[in-house]
Amino acid sequence: NFLKAKNPRVAVWLIDPPGSMLASFVKTGKLAASPGGTSVMEGIGIARLTANFAAAKVDDAVVGVEQEAVDMAYWLAKHEG
C-alpha cells in the first residue's frame with residue numbers, strides 16, 4: 001500500500017509457490033490450492049489469510065516455479081547482500 005500511495009502506477013504482483021492458496025485469493029477472492037502439491041518455501045500456513053495480506057493491494061498473481069525462487073534468493077544474497 002505504501003508504494004501505491006507514492007505512485008499509483010506501481011503494479012504489485014504476487015508470485016506464489018505451487019500448492020499455495022494466495023494466488024487463487026488474489027484472482028478470485030477465494031482460497032483454493034493451486035496444482036503442484038507441497039512446497040519447500042516458507043509460507044503463512046494452510047488455508048490462512050493474514051490481516052496484512054488481506055489489506056494489501058495486489059494487482060495480480062501467478063504460480064511460479066519454486067526452483068526459480070530458490071535460485072533468485074541465492075543470487076540476491078550473493079549480489080545484493
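User: In this predicted model, what makes β1 and β2 a pair of strands, and how do they run?

Analyst: Four bridges join β1 to β2, and pairing requires at least two bridges found by DSSP. The two strands therefore count as paired, and they run parallel.

User: Which residues of β1 lie on the covered face, and which on the uncovered one?

Analyst: Strand β1 spans residues 13-16. L14 and D16 form its covered face, while W13 and I15 form the uncovered one.

User: Where do these strands fall in the order of elements along the chain?

Analyst: The chain has four helices and two strands, and along the sequence they follow the pattern α-β-α-α-β-α.

User: Why is the contact between K4 and D59 called a salt bridge?

Analyst: The N to O distance between the side chains of K4 and D59 is 2.8 Å. The rule asks for a side-chain nitrogen of Lys or Arg within 4 Å of a carboxyl oxygen of Asp or Glu, so the pair qualifies as a salt bridge. K4 belongs to helix α1 (residues 2-6) and D59 to the loop between α3 (51-55) and β2 (60-63), so the bridge ties together parts that are 55 residues apart in sequence.

User: Why is K4 called buried, and what is the class of D59?

Analyst: K4 has a relative accessibility of 15%. Buried means under 20%, so K4 is buried. D59, at 42%, is partly exposed, because that class covers values between the 20% and 50% limits.

User: How do you know that K27 and D60 also form a salt bridge?

Analyst: Their side chains meet at 2.8 Å, N to O, and the limit is 4 Å; the pair therefore meets the criterion. K27 sits in helix α2 (residues 22-28) and D60 in strand β2, so this bridge ties together parts that are 33 residues apart in sequence. By this rule the count comes to two salt bridges.

User: What makes K27 exposed, and how is D60 classed?

Analyst: The relative accessible area of K27 is 52%, and exposed means over 50%, so K27 is exposed. D60 has 24% relative accessibility and counts as partly exposed.

User: What share of the chain is buried, and what share of the contacts links residues 24 or more positions apart?

Analyst: Buried residues make up 17% of the 81 residues. Among contacts with a separation of 6 or more, 60% are between residues 24 or more positions apart.

How values were computed:
Residues are numbered from 1 along each chain as its sequence is written. This is a predicted model: local features need pLDDT of at least 70, side-chain atom pairs count only at pLDDT 80 or more; totals for chains, interfaces and linings use all residues. Side-chain values use heavy atoms; hydrogens and water are left out. Buried means under 20% relative accessible area, exposed over 50%, partly exposed in between (1.4 Å probe, protein chains only). Contact means heavy atoms within 4.5 Å.
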